[in-house]
Amino acid sequence: MSTHASDPLAALGSLPGVADAVDSVRKAVDRVYGHRVMRRRSNEISSEAALRGARGSAALSGADWALEEVRRRTDFGTEPEARTVGAALRLGAEVGQLLSIWRQSPLRVLARLHLVAAGDPGDSVGRPRLDGETVDEPLVEAPLPSPAEVAGRLDGLSELIVAGGEAPALVTAAVVHGELLALRPFTSYNGLVARAAERIVLVGSGLDPKAICPAEVGHAEQGRAAYLAAFEGYLSGTPEGVGGWIAHCGRSVELGVRESTAVCEALQRGAA
């Protein structure tokens with residue numbers, strides 16, 4: 001992979017384990033897209049992937065509900081766990097509406113994602129946090145960057161996305177996810193927003209155009225401890241740490257592929 005100074009995301013392709021992760025993800029995605037059920041029932045697979053992805057993302061944010069509970073519930077506006085699950089479901093439904101905007105205005109998309117997650121146009125919703133505002137993020141306890149640092153790094157991330165480049169979708173998705181977790185730019189739901197943004201990159205890049213490979217499923221399946229350990233590697237900024245985070249995200253996509261493959265097999269047997 002070429003590594004140009006003007007394309008820092010592409011340069012990450014040379015980090016330890018990244019090229020192998022990119023290749024493994026591509027092969028896994030190609031396999032599930034080649035499944036015979038995908039030719040006739042891809043919309044069903046996409047809907048199920050969105051549901052399972054939302055369940056996985058909510059689990060990482062502290063609402064670890066059984067899939068059937070997520071499927072049957074209709075009231076998500078009461079206790080904190082229910083609000084988290086509802087936020088994850090709304091984000092999953094919103095991703096497809098934002099793909100065309102992402103490459104032109106990623107910051108606008110992030111603001112929209114926070115608004116959708118919060119479900120409430122409060123004073124702090126849909127904009128980066130200000131000095132003195134607290135952050136409710138149940139999973140990540142790393143030190144919070146200042147609002148000024150958040151603004152600068154969000155601008156830098158936005159410029160990279162708008163400029164495009166040669167970086168594989170997995171690399172870009174992992175960096176977007178990692179940066180948003182590191183920055184926690186909003187007063188709430190940063191983890192859910194970060195994972196939704198990862199999904200937008202994977203779908204919008206063309207790697208997973210039908211949104212059937214929910215990385216959130218894989219992040220949850222690998223567990224909170226592994227997620228946080230990989231994220232600590234990203235925060236470290238070392239080649240091994242950042243490469244490990246990208247590989248962790250790649251494994252999550254592969255586990256999402258495995259989940260959707262199982263759905264395809266169940267549909268084929270007539271059991272779903």
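**Stop 1**

Begin by selecting threonine 187, which is placed in the loop between α8 (169–183) and α9; helices here are DSSP runs of H or I with at least four residues, strands are runs of E with at least two, and both are numbered from the N terminus. The model is a predicted one, in which local features need pLDDT of at least 70 and side-chain atom pairs count only at pLDDT 80 or more, while totals for chains, interfaces and linings use all residues. Residues are numbered from 1 along each chain as its sequence is written, and side-chain values use heavy atoms, with hydrogens and water left out.

Is threonine 187 buried or exposed? Threonine 187 is buried, because its relative accessible area is 13% (buried means under 20%, exposed over 50% and partly exposed in between, with a 1.4 Å probe and protein chains only). Next, display its surroundings: not counting residues up to four places away in sequence, threonine 187 touches His114, Ser124, Arg129, Glu133, Thr134, Val135 and Asp136, where contact means heavy atoms within 4.5 Å. With serine 124, the side chain of threonine 187 makes a polar contact of 3.1 Å. Such a contact is a pair of N or O atoms within 3.5 Å; within protein, one must be able to donate a hydrogen and the other to accept it, and residues adjacent in sequence count only if both atoms are side-chain atoms.

Remain in this loop and select arginine 184, which also lies between α8 and α9. Arginine 184 is not a glycine, yet its phi is positive, about 40°. Most residues other than glycine have a negative phi. Arginine 184 is buried, its relative accessible area being 2%. Then move to tyrosine 189 in the loop between α8 and α9. Its phi is likewise positive, near 60°, and tyrosine 189 is buried at a relative accessible area of 18%.

**Stop 2: helix α9**

Select α9, a helix of 15 residues that reaches 21 Å from its first C-alpha to its last, close to the 21 Å expected at 1.5 Å a residue; the expected span is 1.5 Å times one less than the number of residues. How many residues of α9 are buried? The helix is mostly covered, with 14 of its 15 residues buried. Just after α9, select glycine 206, which has a positive phi of about 95°.

**Stop 3**

Turn now to the largest pocket, which holds about 310 Å³ of space. On a 1 Å grid over the protein atoms alone, a pocket is an open set of points with protein on both sides within 12 Å along at least five of seven lines, whereas a cavity is a set where a 1.4 Å probe fits but cannot get out; lining residues have an atom within 4 Å of a point. Grid points are joined across faces, edges and corners, and a volume is the space filled by probe spheres set on the points.

Select Arg103, Gly164, Thr172, Val201 and Ser205, which lie nearest the centre of the largest pocket among its 17 lining residues. Two or more lining residues come from each of α5, α7 (147–163), α8 and α9, and α9 provides the largest share, 3 residues.

The second largest pocket has a volume of about 270 Å³. Its lining has 15 residues, of which Pro80, Thr84, Asp136, Pro138 and Tyr189 are the closest to its centre. The elements giving two or more residues to this lining are α5 and α9; α5 gives the most, with 4 residues.

**Stop 4: the largest cavity**

The largest cavity contains about 110 Å³ of space. To find it, select Ala88, Leu91, Gly92, Ala196 and Glu216, the closest to its centre of the 13 residues that line it. Helices α3 (38–60), α5 (80–102) and α9 (190–204) each give two or more residues to this lining.

**Stop 5: helix α12**

Finish with α12 (residues 239–269), which has 31 residues and reaches 45 Å from its first C-alpha to its last, close to the 45 Å expected. Within α12, select serine 260, which is buried at a relative accessible area of 2%. Leaving aside neighbours within four places in sequence, serine 260 is in contact with Val32, Ile45, Ala49, Ile212 and Pro214.
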